[in-house]
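User: Hello! I am new to this structure and would like a friendly tour in questions and answers. Could you show it to me?

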Amino acid sequence: MSGIGPDQALSIAAIATAVAPGQGGIAVIRVSGPSAVGAVAAITVIPGQQVWESHRVLYGHVVADGGVERLDEVLVLVMLAPRSFTGEDVVEIHCHGGVIAVQQVLARVLEQPGVRRALPGEFSQRAVLNGRLDLTRAEAIGDLVGARSQRAAQLAMAGLDGGIQKTMVVLRERLLDQLSELEARVDFEEDLPPLNGEALLQELQAVRLELLNLVADGERGSVVRHGLRVALVGRPNVGKSSLLNLLSRRERAIVTDLPGTTRDLLESEIVLDGVPITLLDTAGIRATSHAVEKLGIARSRDALASADLVLLLFDLAQGWLDDDQALFALIPEGVPCLRVGNKADLPLKAEPVDASVAASVADVRLSAVTGDGEQALVRAVLERCGALGEQPLLLALNQRQSDLAVTAAEALARSEQVAVDGLPWDFWTIDLRQAICSLGEITGEQLTESVLDRIFSRFCIGK
């Protein structure tokens, strides 16, 4: 796929690095397009005999309109087409970081004829349109930039190395081989040996199974990429804040023996076995007349509805009480829940029969004070949310890719039904073509510009 629309005939420019006051000694402004070199040359003074050749670094200054006032001291990197990220002429201006200097330099670039501000992900989109990057690798770049954990970054690198592309190309080629056999029989069946329909059907089933396995891995990968929201819920003083502190390894909540201490929704960002977790430490839900505490309890109820998983803590020493059961009933239908028996290090206060009931109710037993049972809790959380699997997660489709893989698998299932019904060969080809088309959309071999616009609009500006 190649070619650009009329608007893309203009050069584009954007800041390609994070910008914040006092953060980062260097900022990069990227310019791509036919007027990239001319635009940057017009705003810079390059002393001496430095030559504007491809893949050279030039030293100079960006100057204000009029060519006298210096705005910043810069390095200019020149990468001429086609040896650049986008396949076009690309010039990068490396200036000082922060906010003011980089914004002044970008403003000067955008003042030049034929240069406009880049849209989100437009550099990567041009790389795909110009054949410098396949679509799965471009999407992996976005995943790498947005990675919230080391494991998410590793999955992104697997896509950037071409793992998803290679896998999809192989599956698509296998289907194309079967389609060619079918079409040959449709047109020249009398001149060819009989087609082994059973072997063809087995191949379609094998590809379908591989696609479904990739979809399942994609669901696990989605958890790794996007993380989970886990709400800690329980009666006052059952140890929610202590558990948050144990898992986050830092004091994010006040821990006291007074009920109702947590009156607001506290969040802590952690990573458990490579999965980003947002822990929501909620106010204890109970009857109260205190206005501030009522607000905290209302937020706790909202957290239950928005959570991917609820950890319902109760006091093992006191047993499973009616109030615990009432809280359990408040958890919305469809939201997974783990009942966590806390304070396993303390002696029992309840009657023996209550203690035995509490032990049977608990999905996990632990002590948030000593840490005993923490690993069992972590594993239970990841299992309940589908983040664990029997095999290591090496590749993970994103949501767009997974949806197309499901469409392809469904089309192959329909082809199998056509075979079972004993219909002629040309009926087999209809759904097989649909499956091949869906796999082509994953790799970018069959896409429209409107679809590309939707994909890259989710990228950050400058990438």
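Analyst: Helices (H or I, at least four residues) and strands (E, at least two) are DSSP runs, numbered from the N terminus. This is a predicted model, where local features need pLDDT of at least 70 and side-chain atom pairs count only at pLDDT 80 or more, while totals for chains, interfaces and linings use all residues. Residues are numbered from 1 along each chain as its sequence is written, and side-chain values use heavy atoms, with hydrogens and water left out.

User: Over how many bridges do β5 and β6 pair?

Analyst: β6 covers residues 90-96. Val91 in this strand stands opposite Val78. β5 and β6 pair in the antiparallel sense, and the number of bridges is five.

User: Which residue in the turn between β4 and β5 has a positive phi?

Analyst: β4 (residues 56-63) and β5 (residues 70-79) pair in the antiparallel sense over eight bridges. Val63 stands opposite Arg70 in β5. The two strands form a hairpin with six residues between them, and the residue with a positive phi, about 115°, is Gly66.

User: Is α4 roughly parallel or roughly antiparallel to α5?

Analyst: Helix α4 (residues 135-145) and helix α5 (residues 150-160) pack with their axes 8 Å apart, at an angle of about 160°. Axes are lines fitted to C-alpha atoms, for helices over the stretch in contact, and angles run from 0 to 180 degrees between N-to-C directions. Angles under 35 degrees count as roughly parallel, over 145 as roughly antiparallel, 65 to 115 as roughly perpendicular and the rest as oblique. The angle therefore makes α4, relative to α5, roughly antiparallel.

User: Which residues in α7 meet Arg151, Ala152 and Leu155 in α5?

Analyst: α5 and α7 (residues 197-226) pack at an angle of about 125°, with their axes 8 Å apart. These helices are therefore oblique to each other. With contact meaning heavy atoms within 4.5 Å, the residues in α7 that meet Arg151, Ala152 and Leu155 are Arg220, Gly221, Val224 and Arg225.

User: What pLDDT does the protein average?

Analyst: pLDDT is the predictor's confidence in each residue, from 0 to 100. It stays under 50 over residues 1-6, which have eleven contacts beyond four places in sequence, and also over residues 251-264, which have 36 such contacts. In the protein, 83% of the residues score at least 70, and the average pLDDT is 82.

Note on methods. Two strands pair if DSSP finds at least two bridges between them.
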